Amino acid sequence: MALVIDSFGHVMPNQFCQALLKAHPTVELKELSVLTYFGDMENRVRVLDKHKIDKQVLTLARPSIWLNMPADLVFKMTPLANDAVAEVARKYPDRFIPTGMLPVPSEEYLDEFDRCINELGMAGIQIVSNIDGKPLDDPAFRGFFARANETKTPIWIHPQLQQGWSQQWVLDKIFGWPFDTTIAMARLVFSGMMEEFPNLNIVVHHMGAMVPHFSERIKGFYDSTYFPRANFIPLKKGPLEYFGRFYGDSVLNGSVHAFECGYKFFGPEHIVFATDYPFGPKEGEEWMAGALHQVQTIDLPQKEKDMILSGNLLRIIEKR
């Protein structure tokens with residue numbers, strides 16, 4: 001049996017949370033600050049043991065805490081966030097795999113990119129699906145993707161969409177986030193960036209969101225001549241080949257049929273097991289159990305399950 005690695009867990013280190021509360025208190029951050037288990041690593045280890053998960057990737061929660069923060073404060077707080085994530089992971093080196101956070105993946109943050117990877121020993125970098133409304137293919141972020149491509153550094157994309165109309169009933173998180181993930185993926189494909197940067201290894205939340213379900217719709221629009229205003233640029237391969245290069249994670253909240261849809265699109269080599277812990281009911285344990293249930297329930301050869309549970313993640317981490 002292969003290792004079981006949760007490829008997309010979330011953490012809010014207590015010391016960083018308190019520092020950010022003083023500098024830029026927001027509703028999102030205040031909501032997180034009372035959930036002390038987000039930074040309780042001893043409890044986290046107990047939960048991982050209970051569910052027989054060997055390791056967990058740590059990504060900073062929650063990307064929306066950076067919204068509307070002054071640019072100079074973002075620049076100041078970003079290294080503090082990365083230091084805090086690295087520190088909590090360092091206490092349990094056999095259990096946690098830290099990633100860096102770049103709220104703004106622009107040229108001025110490339111030194112922090114390098115520091116995260118080369119000095120802090122982080123496995124990759126987390127970014128968000130749009131930066132203050134700018135799409136990821138914006139020229140301001142090209143240097144980031146070029147650096148990730150050159151160094152084969154894995155990227156974690158977390159959705160970020162917050163509109164006033166969508167916050168009632170948390171529709172921004174239920175539906176808005178998967179939508180924005182889909183748009184981010186599409187812009188990287190249709191802009192030609194996935195073609196230009198063949199070494200990009202990008203983990204996307206929620207099994208690639210809408211992409212697996214609407215894959216033939218994507219292809220049909222690209223192939224048709226009905227919409228000349230679409231202005232699709234010629235790609236050397238069909239668009240679905242570039243969409244298929246992303247790594248969809250298994251954060252589907254226990255839905256087996258959604259997992260099966262993702263499997264049919266991405267195949268066993270481009271799915272990574274993930275739980276979204278500690279978000280979800282029962283302090284995250286319900287979604288953790290559901291993610292495990294998805295992999296255990298689907299009828300796959302053990303070799304493929306092993307790839308999903310840890311092999312694929314280890315492969316992209318070890319490419320560096």
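What volume does the largest pocket have? About 780 Å³. Keep in mind that this is a predicted model.

The largest pocket has 33 lining residues. Five of them lie nearest its centre: Lys-173, Ile-174, Pro-178, His-206 and Asn-253. Find those five in the structure, and you have found the middle of the largest pocket.

H7 supplies the largest share, with six residues.

In the largest pocket, 21 lining residues are nonpolar. Nine are polar, and three are charged.

On to the second largest pocket. Its space comes to about 350 Å³. It is lined by 16 residues. Closest to the centre here are Ala-186, Phe-190, Arg-217, Ile-218 and Phe-221.

Where does this second lining come from? The elements giving two or more residues are H7 and helix H9, which spans 215-223. Again, look at H7. In the second largest pocket, H7 brings five residues, the largest share of the lining.

And the classes? In the second largest pocket, 14 lining residues are nonpolar. One is polar and one is charged.

So much for the parts; here is the picture to take away.

Terms used
Residues numbered from 1 in each chain as written. Predicted model: local features only at pLDDT ≥ 70, side-chain atom pairs only at ≥ 80, totals over all residues. Heavy atoms only, no water. 1 Å grid on protein atoms, 1.4 Å probe; cavity = no way out; pocket = protein on both sides within 12 Å on 5 of 7 lines; lining within 4 Å. Points joined across faces, edges and corners; volume = space filled by probe spheres on them. Helix = DSSP H or I, 4+ residues; strand = E, 2+ residues; numbered from the N terminus. Nonpolar A, V, L, I, M, F, W, Y, C, P; charged D, E, K, R; others polar.
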